[in-house]
Amino acid sequence: MDTQYAFLPRNALDQLLDALRKAGFDRLVGPIARDGAIVYDTLTSAAQLPHGYRDEQAPGRYRLHQADSGRCFSWANGTQTLKPLTFAPQEVLWHCERDAEGCLRFKNPTVNHSPTAVIGVRACDLVALRLQERHFLGGRFHDPHYGARRESLFLLAVHCTHPAKTCFCASTGDGPKAAIGFDIALSELDEGFILEAGSLRGGELIRTLALDDATERQRELAKTEIETAALQQSRSLPSQNLREALYARLEDRHWDKIGMRCLSCGNCTAVCPTCFCHAEHSVPTLDGTQTTHQRQWDSCFTAVHSYMGHFLVREETRLRYRQWLSHKLASWHDQYGRSGCVGCGRCITWCPSGIDLTAEVAALTRQETSHV
Amino acid sequence: MYNPDLPLEVRVVDKIRETPSIFTLHLEFTDPDIDLEYRCQPGQYNMLYLYGVGEVPISIVSDPEHRGPLEHTIRSVGRVTRGLDRLRVGERIGLRGPYGRGWPIREAEGRDVVIVTGGLGCAPVVSMIRYVLRRRERFGRLVIMQGVKHTDELIWRKQYEQWQRLPNTQVLLSSDISGPNWPFSVGKVTVLFNQARLNTRKSIVMLCGPEMMMKASIERLLALDMPPEAIWLSIERNMQCGINHCGHCQVGPHFVCQDGPVFHYPELAPWLGVTGF
Ligand code: SF4
Ligand code: SF4
């Protein structure tokens, strides 16, 4: 497919939303500034987009400001990822009915996800989506719940031009330019947007808008903005493969130091777009004739995560943090052929204790292996 | 929609009390077609679902090729297992499986099969013992070493005594603390290794039980020149989905629910006994 670059004037953004609705995407989801943060919610018009908002992020800190700009994507990711739209925070796995004789009837849930277009998805989250697809759909057992949600989505990415101080996607190789997994990608310029198709249906949708081609100058400008965004990033991981480095330091004293600062709250796992752990529960109705079996996001920072009936595998916080980081950056390579971190920086911003994995990795790998 | 999470209905056709807290359920699918199709390997497990309460992974102790009810020996320790303990014959529960990697039956053929178990962890190897006994000609000697903490923890004593009388079979038992009517050894399971006539050249070892006991046993075996490649072990972790998705059972790079519960020792060696994994 030849990549076409079309230009959408800023005041025509609603036409894009209309075209999505016409193409059958009843639900539009996009970024909105609310309660001091950028959140993803139902979008009815382009006017709701966070025009002029800029964010400020640091370990344990997030602030939103109004700036003197007409742009609507001049910020980096907030807490929310694409994750809840595919790996739902709560999902019904099956129902069971019990009759008067005690016979059980297991039933699949009824699934009907309305086709949804998501606007404003960033590069890191698209790669994270790919990683979760590998986990839920790529193994021996295909997860139909995840699969049905994923199929209902049409994704409009935005190449990042304003990374936060916490972003390090350039070092993980996953951004700031959206490279995979989108139907359409947008580059925002002062005067409007460059649209580029990433899938056949994305291309068809762009054609229905009958737009002019983006000019050479516009494309150069967009390219420069993305390149600058990569250069602006100040955080990084020392390597895209830290497997050996971390496996060699599993008994390092530094884990104790992190363990003393970590509150084991699980914020980092909740905001991480690749974390996939979930717990299963049965919820019976009051009359006892039916029960719903569901899953719910879980975190390796909770005690019950490693509950074994008579003991916990990870009683101490330092062991939970080590599990999280060594899974994300080391054993993920064994399991999925790459690191489980896409450099979105959310776990840094939303950690109430301001723990920064890039700093922890630096501290762990700077020194020679020091055994306890 | 094919839903790998969906259980099938089974009926409790028998229930055997092994000790005050251990019992065995005999289960049969209520749909006879499924009963005919169901296939498992020794060492695999099923997820058992107690209506309205939840699921637990339980290893299968019956011989996989023996047509008849599926047997699960269960210790009542948690919410679900305590509820399962209250089931009566005729009642119904859910079952899905079999899951995971079982014991290496092919590799074991023609070799001496050495079983080392500790505590109450013997259920996962029982199906293997039964498998060997039903196909005695395909295997060499069968050596079973079982260690318990207290003499009254030994379940299936009669069965051990029966196995002890079989030709080409050696059964060795030990208890950390001796008690009345205990004609066997006293001490950790490793004290039995000197009594076992082990041919390290043609043996395959299968262990299950507390990880520290397995680690100590493996060290002893390696000191006796048992090659690491001849050692297999079954481990336990929190498992909620059984199908590689929920994330609880990870030990380093391994998902115990599917990569295990039976592991080849060299795969697990870096992680065995490491606190926190
Ligand atoms: S580990 Fe942190 S930076 Fe990496 S993907 Fe997860 S939330 Fe983002
Ligand atoms: S690292 Fe931070 S966000 Fe994660 S559990 Fe610890 S305190 Fe919470």
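What radius of gyration does chain A have, and how does that fit with a compact globule of 372 residues? This is a predicted model, so keep that in mind as you click around. Select chain A first: its radius of gyration is 22 Å, while a compact globule with 372 residues would come out near 21 Å, so the two agree.

Along its principal axes, the trace spans about 65 × 65 × 40 Å. Switch to cartoon view and you can look for 13 helices and 14 strands in chain A.

The accessible surface comes to about 15,800 Å², and carbon and sulfur atoms hold 50% of that. As for what's tucked away, 56% of the 372 residues in chain A are buried. Contacts come next: taking those in chain A with a separation of 6 or more, 71% are between residues 24 or more positions apart.

Time to colour by charge. Chain A carries 41 positive and 43 negative side chains, and the centres of these two sets sit 4 Å apart.

Last stop: hop over to chain B and select residues 123–134, which form helix α4. Its twelve residues should span 16 Å at 1.5 Å a residue, and the end C-alpha atoms are 17 Å apart, so that agrees. Is α4(B) mostly covered or mostly open? Mostly covered: ten of its twelve residues are buried. Click through some of them, including Ala123(B), Pro124(B), Met128(B), Arg130(B) and Tyr131(B).

Notes:
Residues are numbered from 1 along each chain as its sequence is written. Chains are lettered from A and ligands numbered from 1 in the order in which they are written. This is a predicted model: local features need pLDDT of at least 70, side-chain atom pairs count only at pLDDT 80 or more; totals for chains, interfaces and linings use all residues. Side-chain values use heavy atoms; hydrogens and water are left out. Helices (H or I, at least four residues) and strands (E, at least two) are DSSP runs, numbered from the N terminus. The radius of gyration is taken over C-alpha atoms; the globule rule is 2.2 Å times the number of residues to the power 0.38. Buried means under 20% relative accessible area, exposed over 50%, partly exposed in between (1.4 Å probe, protein chains only). Contact means heavy atoms within 4.5 Å. Accessible areas come from the Shrake-Rupley method with a 1.4 Å probe; for residues, only the protein chains shown count as cover. Lys and Arg count as positive and Asp and Glu as negative; His and the chain ends are not counted. The place of a charge is taken as NZ of Lys, CZ of Arg, CG of Asp or CD of Glu. The expected span of a helix is 1.5 Å times one less than its number of residues.
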